[in-house]
Amino acid sequence: MKYQSRLAFIPVFLFLFATLAGAQIVQDKTNILNQLSGNKITGAWRIDPKESDDTLLKLEAAIRDQKSQVTGENSTSPPISVSVMPPESLILAGDSKTITINEGFADFVVTRTDLTDGIIHVRKIPDGAESKVSAKNEDGVLNVEIVSPLGNTLKESYSLADGGKKLIVLLRFEDKDSTELLTLRRVYNRATLDLFDVGSRAGN
């Protein structure tokens, strides 16, 4: 509700990152639980709003900065979608070759699975276009890079903190010239799988 009231004051921007990942709605919780294994970052996580960046404040600041750089006036907006809003919960599942990231929002869950071989793979997205994705585990940190059909990039990193009790998720949005548009830091606390009942959410 806090986000909804503030969103009324923010323009809804043209597609850039909304379908970068080509995510799908998850309908089978069993499939997720069966994938939980080896990776240290795997498991269930709940967002800590107090330790995480305020997404809308950062977005508003990025908009103001972009406007001043482009024209010096409030006449244009940067191409960033409000799809950057944070998932309330995460389940990370995988093995030595793949990682599945399940993102839980208030009324739905989305999922994406990537190979962690560091090689660029082409992913089909809903409108028939293609994005390019690479993922790799490096020294306990999962790094994911997603390039949109327009050439814009989302860089994500997932790492543990506080003895494995917290998951730090860093996101960096760049335009096709590698100019930073927005960075976000999210902190998640380790939780039980009960917080993320995919089957019941998908049935509502």
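Is serine 52 buried or exposed? With a relative accessible area of 11%, serine 52 is buried, where buried means under 20% relative accessible area, exposed means over 50%, and partly exposed lies in between, using a 1.4 Å probe and protein chains only. The model is a predicted one, in which local features need pLDDT of at least 70 and side-chain atom pairs count only at pLDDT 80 or more, while totals for chains, interfaces and linings use all residues. Residues are numbered from 1 along each chain as its sequence is written, and side-chain values use heavy atoms, with hydrogens and water left out.

Serine 52 can be found in the loop that runs between strand 2 (43–47) and helix 3 (55–70); here helices (H or I, at least four residues) and strands (E, at least two) are DSSP runs, numbered from the N terminus. Leaving aside residues up to four places away in sequence, serine 52 touches Ile47, Arg185, Arg186 and Val187, a contact being heavy atoms within 4.5 Å. The side chain of serine 52 also reaches the backbone nitrogen of valine 187, at 2.8 Å.

Of its 204 residues, 43% count as buried, and among the contacts with a separation of 6 or more, 54% come from residues 24 or more positions apart.

Next come the aromatic rings. A pair of such rings is described by the distance of the centres and the angle of the planes. Rings of Phe, Tyr and Trp (its six-membered ring) pair if their centres lie within 6.5 Å, and planes under 30 degrees apart count as stacked, over 60 as edge-to-face and the rest as tilted. By this rule the count is one aromatic pair. The rings of phenylalanine 105 and phenylalanine 108 have centres 5.0 Å apart and planes at 20°, and therefore the pair is stacked. Phenylalanine 105 counts as buried, at 17% relative accessibility, whereas phenylalanine 108 is partly exposed, at 40%.

Finally, consider the backbone. Most residues other than glycine have a negative phi. Aspartate 139, although not a glycine, has a positive phi of about 55°; it is found in the loop between strand 7 (130–138) and strand 8 (141–147) and counts as exposed because its relative accessibility is 84%. Serine 178 likewise has a positive phi, near 65°, and lies in the loop between strand 10 (166–174) and strand 11 (180–191), where serine 178 counts as partly exposed at 48% relative accessibility.

Note on methods: A polar contact is a pair of N or O atoms within 3.5 Å; within protein, one must be able to donate a hydrogen and the other to accept it, and residues adjacent in sequence count only if both atoms are side-chain atoms.
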